[in-house]
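Dear colleague,

Please find the structure below. My notes on selected parts of it follow.

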Amino acid sequence: MAKIKGSIVVEVERCKGCEICMVSCSTGTIAMAREVNSKGYHYAYPANPELCIGCANCAIVCPDGVITVYKTKV
Amino acid sequence: MERELRLMKGNEAVAEAAIRAGADGYFGYPITPQSEIIEYLMEANPCVTTGMVVLQAESEVAAINMVYGGAGCGKKVMTTSSSPGISLMQEGITYIAGAELPCLIVNVVRGGPGLGTIQPAQSDYFQAVKGGGHGDYHLIVLAPASVQEMADFVGLGFELAFKYRNPAMILSDGAIGQMMEKVWLSPQKERSKKVPEWATTGKPENRKRNIITSLELDPDRQEAFNQKLVAKYNEIREKEVRLEEYQCEDAEYLLVAYGTSARVCQKAVQLAREQGIKAGLLRPITLFPFPSKRILELSDRIKMALAVEMSAGQMVEDVMLAVNGKVPVYHYGRMGGIVPTPDEVVENLKERIIGG
Amino acid sequence: MKEVTGTKEYIKPENLVYRKSSLLTDDIMHYCPGCGHSTTHRILAEVIEEEGIVHDVIGISPVGCSVFIYNYIDIDWQEAAHGRAPALATAIKRLLPDKYVFTYQGDGDLAAIGTAETIHSCNRGENILIIFINNGIYGMTGGQMAPTTLPGMKSSTSPYGRDVSTMGNPLKITDIVATLPGTCYVTRQSVHSPVNVRRTKKAIRKAFQYQKLNRGTCFIEIVSNCPSGWKMTPVQANKWMEENMFPYYPLGDLKVPEEKQGDQPKTE
């Protein structure tokens, strides 16, 4: 059976570390980085990229339009 | 519509002139003594002839902000009111000045302060020429002294407003608004289809977005903007002064009066001259810019200036500034809705001459 | 541009499912982390772009946190005095009836100082869209009490909690405008979760479509957060909003237009 797989791209400098994407991610793909961006925010990143299904919930809820989402069947 | 002679109230003349000037929109709220303007427009219903929008707003506050919105689209828009209503509009007027939008505001002045009286007065001079709302700004202020000028200054007001991207005001009063005179009305002008490059009409592909705003948080940029306004006002002072002189050639005593008071003073000059007093009248037509330069010139050959106003003494301060101490400057005024008589003015002038 | 990416092999143009609207400018929005203003700006830009009305839309920005919305969405804008946006919108729409006109206002702007302009533009049935962000607080000026601040809710001008006996009750202005014959579509939404963002976006789309049909005023309240003003993290703020704001300001349509033959706007 074909599996849905996804991937996200996070624009680090635009991220304000609000964590709303992280709590909206049902697969646990996203976590907040230990490092900070130049504004001092712990930015979101795909900590478990293999779990991503490209549902785009993170991008849809992200206030700042930081996340771009890709999705495919493998 | 051709040029046409009619007998009209000053208020009606403003309304008819607005339609004929090709105005795009009128937004107003009724208040005595100028409600005939919106009544006339509603009855004329120019929406079906020229396409001009006429709307009765829920308040003067809304009306002036509708003017802001319409002016921001590059449209020829106007409002009219009387003193208490103009006070309510001050917020919108300062935003319009700050956003450099052209529009026309007519104030048919009544006596104040507060609810005051519905009778004519000239007690809103300071408010009109010194700014009125907050911040450093000026309106271009035209003072009609006849029904003809009520009509003519609508077109002139729009012209100056668009030339300088600045709000213009016709500062009239209850007497000129209510009196009937014959008036030549201009032929119907077409509404302009031209869209100024700064107007917000939906951003086409070939230009950057237009933003109509008066906000600038950066002090350096705000100051630069203020300096730009100052330069504009100086240009207006240089180029747009309008005035009328009556028997000033050999005058020893100069009456300075605008609007209704100027009509009274014209008669007063005749009466004074019959009594051997060489009086003359300078009538500022533009109150901003004020004809300071001409008054200064005249002050070299006069003995005294008397500002006659239906107020406690407002324009007199600008006369004093213009004369700059060269000759004595006095004020004669009636208030509360009372128009001075020519005899009163002559009596006061004579008292000043003897007293001086 | 620094990026962190997931599985690289899936990142191909043909696999793209979401990217922020190109109508958003490159300016990073000045809002605090997690602010609902940002989310609303983003989906508003998406709808304007997707509906293909970029060249025919004029927005009115308010006074308050969202005064600078004109820096973020690449369309023509007018910035109104506090509360007066619906008056501007009225004139713009009357003078340019073929254009799409909307206001974007906060609770202080729309439901306190601008109450008269709000009610009367809705009552006249102006063919405009009013987007109303209700976060129950004055964010820009530092967290003062708003007309929509909940009973007992603390703010810098109700430091012991809003006492309705002296400070008045929260104003449900959306319920009021829904009763006016001039409004055609009145709805209350939020943007704190993916499903709510989708619903709000659909509401904005519908409102622009109704505007094209000249059906009257469309009014969309978005119950939103103010993490800084509420002194919470964004995630806490959204939870608090669900537990406290939504019971007082329940989400859903308050008024939907009667169907007319052939003019029902298409849905997603």
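Which polar atom lies 3.3 Å from the backbone nitrogen of Val61(B)? The atom belongs to the side chain of Ser59(B). A polar contact here is a pair of N or O atoms within 3.5 Å; within protein, one must be able to donate a hydrogen and the other to accept it, and residues adjacent in sequence count only if both atoms are side-chain atoms.

This is a predicted model, in which local features need pLDDT of at least 70 and side-chain atom pairs count only at pLDDT 80 or more, while totals for chains, interfaces and linings use all residues. Residues are numbered from 1 along each chain as its sequence is written, chains are lettered from A and ligands numbered from 1 in the order in which they are written, and side-chain values use heavy atoms, with hydrogens and water left out.

Ser59(B) is located in the loop between strand 3 (53–56) and helix 3 (60–72) of chain B; helices (H or I, at least four residues) and strands (E, at least two) are DSSP runs, numbered from the N terminus. Ser59(B) counts as buried because its relative accessibility is 16%, the term meaning under 20% relative accessible area, with exposed over 50% and partly exposed in between (1.4 Å probe, protein chains only). Apart from neighbours within four places in sequence, Ser59(B) is in contact (heavy atoms within 4.5 Å) with Tyr29(B) and Glu117(C).

Chain B is divided into domain 1 (4–194 + 227–239) and domain 2 (244–355), with bounds from an automatic or database domain assignment. In chain B, 32 residues of domain 1 are in contact with 27 residues of domain 2. The two domains of chain B bury about 2,300 Å² between them, 55% of it on carbon and sulfur atoms; buried area is the accessible area (1.4 Å probe) that two parts lose on being put together, summed over both. Gln122(B), Tyr125(B) and Phe126(B) supply 32% of the area that domain 1 of chain B buries against domain 2 of chain B, more than any other three residues. Between these domains there are 4 salt bridges, each a side-chain nitrogen of Lys or Arg within 4 Å of a carboxyl oxygen of Asp or Glu. The side chains of Glu149(B) and Arg283(B) form a salt bridge at 2.8 Å, N to O.

Chain A and chain C bury about 3,300 Å² between them, 62% of it on carbon and sulfur atoms. The count of salt bridges between chain A and chain C is 0.

With kind regards
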